[in-house]
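Here are my notes on the two-chain model you sent over.

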Amino acid sequence: VVVRDQRFVDYEGRPVILRGEVWQDHNCPLHPEVCNNLEAMDLTIASPHRANFAVGSMTREVLYRRNVLAPPLRRDYLKVVVQYRETSGGETVGYVVSAYAVEAIDPQEAPKWTP
Amino acid sequence: MDPLTTRDRWLETIATLRAQDSEKAVISYDYDSDELMIRFGGSNRPGVGRLLGDGWLLRLDRETDEPIGLQVEGFLARTAPLHPHLLSLLDLADLRGITVEALAIERRRIVAAGRDRVIKETIEAIPARAFAAD
C-alpha cells in the first residue's frame with residue numbers, strides 16, 4: 001500500500017498528484033484491483049486511450065486505458081478520476097480522487113481527447 | 001453484449017442482488033470522489049464495474065461473474081437529486097472526507113431542491129383507508 005504521495009505527469013503535461021491517504025484509505029480498500037499497481041496508474045495518466053469529462057463537470061476528467069491491469073482484468077479498462085484545480089500561481093494541478101476497473105467507457109461522459 | 005445486463009438476464013441480476021444479505025453489506029461513501037459503494041458480504045475482492053447507466057456500476061468478480069457490489073458515481077451531484085430517498089444510505093455508510101454535520105447541510109440542500117417531489121410524495125403517502133371509512 002502506498003503511503004507517500006505520488007506525482008505523475010498527465011497526457012497534457014500537467015502534474016497529477018495521488019495522495020497517499022487517498023490510495024490507502026479509499027482506493028485500496030474499495031478497489032483492490034488497482035492497489036499495488038502504480039505502473040498502471042502512471043501509464044493511464046500519461047497516455048490514456050481516452051480522456052473524458054466527468055458527467056456534469058468541466059474540471060474533473062476520467063482517463064481510460066486498457067491492457068494495464070493484471071489478469072483476469074487484462075481486457076478491462078483502468079479508469080482514473082482526476083480533479084483539476086488551478087493554483088494561486090496559475091498552474092493547473094490534478095488530484096487523483098479514485099481509480100478502478102471498468103468493462104467499458106461510459107458513453108454518457110463527454111469526450112475530451114483521444115490519441 | 002453483456003450477459004448480465006441484457007434484457008433476458010436483467011430480472012435474474014436484480015433477483016441476485018435482492019438475495020444478498022443486507023446485514024452483511026458494507027456501505028461506504030467518499031466525498032472527494034462523490035462515490036458510494038455497497039460491498040455485499042463486506043467483500044474486499046478485486047472486481048470490475050459493469051455499466052448500468054446514469055453512474056451506476058454493478059461490480060463483478062471477473063472470474064465467476066458473481067455480483068460483489070454496487071458502485072454509484074456522482075452520488076450527491078447526480079443520483080441523489082433524482083432519487084432523494086437514496087440519501088438514507090448515507091446514514092448507514094462509513095464516511096470519508098465529510099463530517100456528519102456537513103453532510104446534513106448537503107442533504108438539506110438536495111432535498112430542498114426537490115421540494116415539489118417531496119410534497120407530492122407526502123400527499124401520495126396519505127393512507128387511503130381514512131377516506132374508505134366514510
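This is a predicted model: local features need pLDDT of at least 70, side-chain atom pairs count only at pLDDT 80 or more; totals for chains, interfaces and linings use all residues.

1. Residues are numbered from 1 along each chain as its sequence is written, chains are lettered from A and ligands numbered from 1 in the order in which they are written, and side-chain values use heavy atoms, with hydrogens and water left out.

2. Who takes part in the contact? Chain A puts in 26 residues and chain B 29, contact meaning heavy atoms within 4.5 Å. There are five salt bridges between the chains (a side-chain nitrogen of Lys or Arg within 4 Å of a carboxyl oxygen of Asp or Glu). Arg62(B) makes a salt bridge with Glu103(A), and their closest N and O atoms are 3.1 Å apart.

3. Polar contacts between chain A and chain B come to 17 residue pairs, both residues at pLDDT 80 or more (a pair of N or O atoms within 3.5 Å; within protein, one must be able to donate a hydrogen and the other to accept it, and residues adjacent in sequence count only if both atoms are side-chain atoms). On the side of chain A that touches chain B, H1 and S6 of chain A are the elements giving two or more residues, and H1(A) gives the most, with six. Helices (H or I, at least four residues) and strands (E, at least two) are DSSP runs, numbered from the N terminus.

4. The largest pocket holds about 420 Å³ of space, and 23 residues line it, with Ala54(A), Val55(A), Arg60(A), Ser33(B) and Gly74(B) nearest its centre. Two or more lining residues come from each of strands S4 (60-66), S5 (77-86) and S6 (92-102) of chain A and helix H2 (75-79) of chain B. On a 1 Å grid over the protein atoms alone, a pocket is an open set of points with protein on both sides within 12 Å along at least five of seven lines, a cavity is a set where a 1.4 Å probe fits but cannot get out, and lining residues have an atom within 4 Å of a point. Points are joined across faces, edges and corners, and a volume is the space filled by probe spheres set on them.

5. The second largest pocket has a volume of about 260 Å³. H1(B) supplies the largest share of its lining, five residues. Among the lining residues are Trp10(B), Phe40(B) and Trp56(B).

6. How many cavities of 30 Å³ or more does a search of the whole structure find? The search finds one, and the volume of this largest cavity is about 40 Å³. Its lining includes Pro29(A) and Leu30(A), along with Met37(B) and Arg39(B).

7. Two backbone spots to look at. Pro71(A) and Pro72(A) are joined by a cis peptide bond, with omega about 10°, and Pro72(A) is in the loop between S4 and S5 of chain A. Asp34(B) has a positive phi, near 55°, and is found in the loop between strand S1 (26-30) and S2 of chain B. For background, most residues other than glycine have a negative phi, and most peptide bonds are trans.
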